[in-house]
Amino acid sequence: MIHVIDFGHCRPNVQVTDTKLKETGKALVDVLSSTGFVYLKNFGISRGLIENVRDAADGIFTAPSIEKEKYARDPFTNCGYIGLATERLDDGCPYEYKEAFHVASVALDPSVGMKWPHDLSPNFAALSRTFMEECKALSFRILELIGIGLDLKDPFVLTTYHNSTNKSGSMSTLRILYYPPIPDNSGGEICRLGEHSDWCSINLLFQDNVGGLQVDIDGKYVDATPVDGALLLNIGDSLEKM
């Protein structure tokens, strides 16, 4: 039920014809306006970079708790580590059995920055910076295409509104989630990730091959089965209400 769009002709930093931009923009808007979700393949970020970011993040998540907690999320910058059973996105569920690490846009601003876990994962900072810049370029292309697909007078208006991305004035965040095995003695009182909506404009989700995500389409939950080599794009609350 989740459509797949080939983004190869419109990926960032490639020449693309107006015809292809309009064609892909219309397809993108048609799908997102009906379901809110779409898989994009050939989106331009290498599989190698994605895997390297995951491996670097594993260096943090697999470290002893006492070491990870040294990098606990700073509520002012929204950067850092979030431990097990700390978050609860659905008030009707138990606290969630997952860990997270936030790299907010402020982390890329040298005048503010963040406390990077260099001792736990030496390559994490450099890889995160590179990955976030590539995600920014892709996001701007997606927002441009949405503007074209909506026949906006200025198709770049959405990208203009997001000019602070990866700067200290933006709330854009790289959020890496880690789901350790659920203990055998949990007694069914553990929640992985509660029901929620994303408050952002758009969300780029890079799934692994394990799956487990479900999305609400027309009031029915369906499995968002990972598509090899594709990312899952969804519209957030902010863009939906614009």
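Over residues 3-106, the chain of this predicted model is 35% helix and 16% strand, with helices (H or I, at least four residues) and strands (E, at least two) taken as DSSP runs numbered from the N terminus. An unreviewed UniProt entry annotates residues 3-106 as "domain: Non-haem dioxygenase N-terminal"; UniProt positions are given in the numbering used here, feature names are shortened, and annotations may be inferred rather than shown by experiment. Residues are numbered from 1 along each chain as its sequence is written, and side-chain values use heavy atoms, with hydrogens and water left out. Because the model is predicted, local features need pLDDT of at least 70 and side-chain atom pairs count only at pLDDT 80 or more, whereas totals for chains, interfaces and linings use all residues.

Arg141 is found in helix 4 (residues 124-149). Its relative accessibility is 12%, so Arg141 counts as buried (buried means under 20% relative accessible area, exposed over 50%, and partly exposed in between, with a 1.4 Å probe and protein chains only). The residues touched by Arg141, not counting those up to four places away in sequence, are Phe7, Cys10, Arg11, Pro12, Asn13, Val14, Val16 and Leu21; contact means heavy atoms within 4.5 Å. With Val14, the side chain of Arg141 reaches the backbone oxygen at 3.3 Å. A polar contact is a pair of N or O atoms within 3.5 Å; within protein, one must be able to donate a hydrogen and the other to accept it, and residues adjacent in sequence count only if both atoms are side-chain atoms.

The second largest pocket holds about 360 Å³ of space. On a 1 Å grid over the protein atoms alone, a pocket is an open set of points where a 1.4 Å probe fits, with protein on both sides within 12 Å along at least five of seven lines, and lining residues have an atom within 4 Å of a point. Grid points are joined across faces, edges and corners, and the volume is the space filled by probe spheres set on the points. The lining comprises 17 residues, and Arg47, Gln207, Asp228, Gly229 and Ala230 lie nearest the pocket centre. Helix 2 (residues 47-61) contributes the largest share of this lining, 4 residues. By type, the lining divides into 7 nonpolar, 5 polar and 5 charged residues, where Ala, Val, Leu, Ile, Met, Phe, Trp, Tyr, Cys and Pro count as nonpolar, Asp, Glu, Lys and Arg as charged, and the others, Gly among them, as polar.

Several loop residues were also examined. Asn78, in the loop between helix 3 (65-68) and strand 3 (80-82), has a phi near 65°, a positive value in a residue other than glycine. At 24% relative accessibility, Asn78 is partly exposed. Asn166 also has a positive phi, of about 65°, although it is not a glycine. Asn166 lies in the loop between helix 5 (157-161) and strand 5 and is buried, at 8% relative accessibility.

Lys167 is in the loop between helix 5 and strand 5 and is partly exposed, with a relative accessible area of 47%. Lys167 touches Ser105 and Val106, residues up to four places away in sequence not being counted. Its C-alpha atom is separated by 5.7 Å from that of Val106, 61 residues apart along the chain. Ile182 is placed in the loop between strand 5 (173-178) and strand 6 (202-205), and is partly exposed at 35% relative accessible area.
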